[in-house]
Amino acid sequence: MAEKSAPPARKTGRQTSAPLMQEDNLDASWAAARPRTLVDHAVDAILSAASRGLILPGDRVSEPDLVTRLGMSRVPIREALRILESQGIVSSEPYKGIRLMEISHQRLEQIIDVRIPLETLACQRAIEAGRNGPRELKLLNQSVDELVLMQQREDVYGFASADTDFHRVLCSLALNPVLSNLWESIARQLTVIFGLSTIGKSMESIIEEHQRLVEVFAEGDIDKMAQEIEQHIRVQALDVDYEKIIAERRKLLAAAE
């Protein structure tokens, strides 16, 4: 096994948990391998379709259709949908079936109202403890590098996952597992929202926003960082007209049928 000082391996854009955040090992690169199951693949496929606008908010998610499209049995797909329902990605109602989460202006405001205090507190605690130095910045810049890589590959789902991972890492720097777990409860919803945002906003501008966050975090000014998070999460997020994007995307999909 490589020494701990070995350079970190490139991430795949599909990380689902924060790096091991410990005082003596903030740049940990190694994690135990976990075999991916059919359920994992089904979850990824559904999230990918949602983030790329192939399934739109409010649309019915048909289990038989997923069986056909993914070439899987009902068992892993049913379990994947159960997991996604627990994370707010889909909802199930009697006589209405399973539907993808709604993304309305009100819903976005609700998510933003949760994200801003969580991410602001995470940055405050990290800066107060001096965890905004070279090791921490390296982790954040690796997430930015992943955004750039996914942009180059024109991989919308990979880009949305990298965006989610950036904010996951940022929150993990607080070394507060309660905070990280609360943030994680909306993480996959954010991946869908981040993916759809690329339809109305260039990936380049999104990358620049994250680079700016890293720069301000490095400065260590807590008040300035709080303002930057407000700008990034509320102002810049609401610059995107998701309802218009969804309506136009629905017309395109209907015309293609």
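This is a predicted model: local features need pLDDT of at least 70, side-chain atom pairs count only at pLDDT 80 or more; totals for chains, interfaces and linings use all residues.
Ala, Val, Leu, Ile, Met, Phe, Trp, Tyr, Cys and Pro are counted here as nonpolar, Asp, Glu, Lys and Arg as charged, and the others, Gly among them, as polar.

The chain contains eleven helices and two strands. Along the sequence, these elements follow the order α-α-α-β-β-α-α-α-α-α-α-α-α. Of the 257 residues in the chain, 44% are buried. The accessible surface amounts to about 13400 Å², and carbon and sulfur atoms account for 51% of this area. Among contacts between residues at least 6 apart in sequence, 77% link residues that are at least 24 apart.

Rolling a probe the size of a water molecule over the atoms shows where empty space is left. Two cavities of 30 Å³ or more were found. The largest cavity has a volume of about 260 Å³. Its lining comprises 20 residues, and those nearest the centre of the cavity are R115, F194, H232, A237 and Y242. At least two lining residues come from each of the helices α4 (105-128), α8 (187-200), α9 (203-219) and α10 (222-235). By class, the lining of the largest cavity consists of twelve nonpolar, four polar and four charged residues.

The second largest cavity has a volume of about 30 Å³. The residues T120, C123, Q124, I127, I222, M225, A226 and I229 form its lining. The elements that contribute two or more residues to this lining are α4 and α10.

A disulfide is a covalent bond between the sulfur atoms of two cysteines. A search of the whole structure returned zero disulfides. The cysteine sulfur closest to that of C123 belongs to C171, but the two atoms are 7.2 Å apart and therefore too far from each other for a bond. For a disulfide to be assigned, the sulfur atoms would have to lie within 2.5 Å. C171 likewise takes part in no disulfide, the nearest cysteine sulfur being that of C123. C123 is buried, with a relative accessible area of 1%. C171 also counts as buried, because its relative accessibility is 1% and the limit for this class is under 20%.

Note on methods. Residues are numbered from 1 along each chain as its sequence is written. Side-chain values use heavy atoms; hydrogens and water are left out. Buried means under 20% relative accessible area, exposed over 50%, partly exposed in between (1.4 Å probe, protein chains only). On a 1 Å grid over the protein atoms alone, a cavity is a set of points where a 1.4 Å probe fits but cannot get out, and a pocket is an open set with protein on both sides within 12 Å along at least five of seven lines; lining residues have an atom within 4 Å of a point. Grid points are joined across faces, edges and corners, and a volume is the space filled by probe spheres set on the points. Helices (H or I, at least four residues) and strands (E, at least two) are DSSP runs, numbered from the N terminus. Contact means heavy atoms within 4.5 Å. Accessible areas come from the Shrake-Rupley method with a 1.4 Å probe; for residues, only the protein chains shown count as cover.
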